[in-house]
Amino acid sequence: MLTDLYIPGDSALHRARPAWKLALLFAYCTAIFVVTHPGMLGAGLVLVALGYGIAGLSARDALTAIRPALVVLVIIFAAQLWLESLGMAIYVTLRLMALLMAAALVTYTTRASEFTEGILALLSRAPAWVPKDKIALAMSLVWRFIPMIRAQFDEVREAQRARGLERNMLALVVPLVVRTLKTADEVAEAITARSLD
């Protein structure tokens with residue numbers, strides 16, 4: 001079943017238009033990557049923390065957003081530490097964490113159905129030949145697949161842990177890929193049956 005990461009609330013961020021939130025997220029991510037000064041990163045982290053506070057979300061919610069990428073973050077930190085320096089490793093890792101937390105803040109405060117409306121609003125001025133409905137559908141499906149894949153990974157990990165295979169990456173990845181592809185086929189069939197393809 002496709003679900004979303006929305007956390008109910010009545011904050012200003014929850015009530016904000018999805019198109020504005022997506023546009024601000026794009027501007028935030030662009031600024032964090034383009035301006036490489038540590039001061040910009042610090043301001044970005046403070047801004048994300050304020051966003052979580054305004055939305056009434058806790059530090060645990062922010063950590064939940066980072067947790068699935070912890071392995072990747074550790075690998076990136078180690079690679080930067082080996083290739084560059086400790087300062088660069090910390091900077092790059094914190095920058096990726098800021099981007100992940102900002103994206104999660106948008107998903108926490110926006111229903112999956114609202115993403116479609118927001119994307120359509122952003123594409124309203126696009127040329128007539130742009131398939132706006134299909135792009136909005138694809139983007140909303142991506143947002144809905146993220147929590148589904150996370151939930152499936154947790155289920156597979158628990159099952160393999162019961163078998164004593166929690167350290168075997170192949171035993172974790174193969175079932176997850178098979179289940180994800182099966183769900184994708186089911187969604188594709190449902191879309192085709194409704195003549196949305």
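Lys21 is buried, its relative accessible area being 6% (buried means under 20% relative accessible area, exposed over 50% and partly exposed in between, with a 1.4 Å probe and protein chains only). This residue is found in helix H2, where helices are DSSP runs of H or I with at least four residues, strands are runs of E with at least two, and both are numbered from the N terminus. Leaving aside residues up to four places away in sequence, Lys21 touches Leu13, His14, Ala16, Val106, Thr109 and Thr110; a contact means heavy atoms within 4.5 Å. The model is a predicted one, in which local features need pLDDT of at least 70, side-chain atom pairs count only at pLDDT 80 or more, and totals for chains, interfaces and linings use all residues. Residues are numbered from 1 along each chain as its sequence is written, and side-chain values use heavy atoms, with hydrogens and water left out.

The overall picture comes next. The protein chain holds nine helices and zero strands, and its C-alpha trace spans about 55 × 50 × 35 Å along the principal axes. Of its 197 residues, 32% count as buried. Among contacts in the protein chain with a separation of 6 or more, 68% are between residues 24 or more positions apart.

Helix H2 also takes part in a helix pair. Two packed helices are described by the angle between their axes and the distance between the axes. Helix H2 (residues 18-34) packs against helix H7 (residues 112-122) at an angle of about 70°, and their axes are 7 Å apart. Here the axes are lines fitted to C-alpha atoms, for helices over the stretch in contact, and angles run from 0 to 180 degrees between N-to-C directions. H2 and H7 are therefore roughly perpendicular to each other (65 to 115 degrees; under 35 counts as roughly parallel, over 145 as roughly antiparallel, and the rest as oblique). H2 contributes Pro18, Ala19, Leu22 and Ala23 to the contact, while H7 contributes Glu114, Phe115, Gly118, Ile119, Ala121 and Leu122. By class, these residues are eight nonpolar, one polar and one charged; Ala, Val, Leu, Ile, Met, Phe, Trp, Tyr, Cys and Pro count as nonpolar, Asp, Glu, Lys and Arg as charged, and the others, Gly among them, as polar.

A pocket is an open set of points on a 1 Å grid over the protein atoms alone, where a 1.4 Å probe fits, with protein on both sides within 12 Å along at least five of seven lines; lining residues have an atom within 4 Å of a point. Grid points are joined across faces, edges and corners, and the volume is the space filled by probe spheres set on the points. The largest pocket is lined by 23 residues, with Ala65, Arg67, Pro68, Ala69 and Arg150 closest to its centre. H8 supplies the largest share of this lining, seven residues. The lining of the largest pocket has 17 nonpolar, one polar and five charged residues.

The second largest pocket has a volume of about 330 Å³. Of its 16 lining residues, Leu13, Leu24, Leu47, Leu105 and Val106 lie nearest the centre. H2, helix H3 (38-54) and H6 each give at least two residues to this lining, which divides into 13 nonpolar, two polar and one charged.
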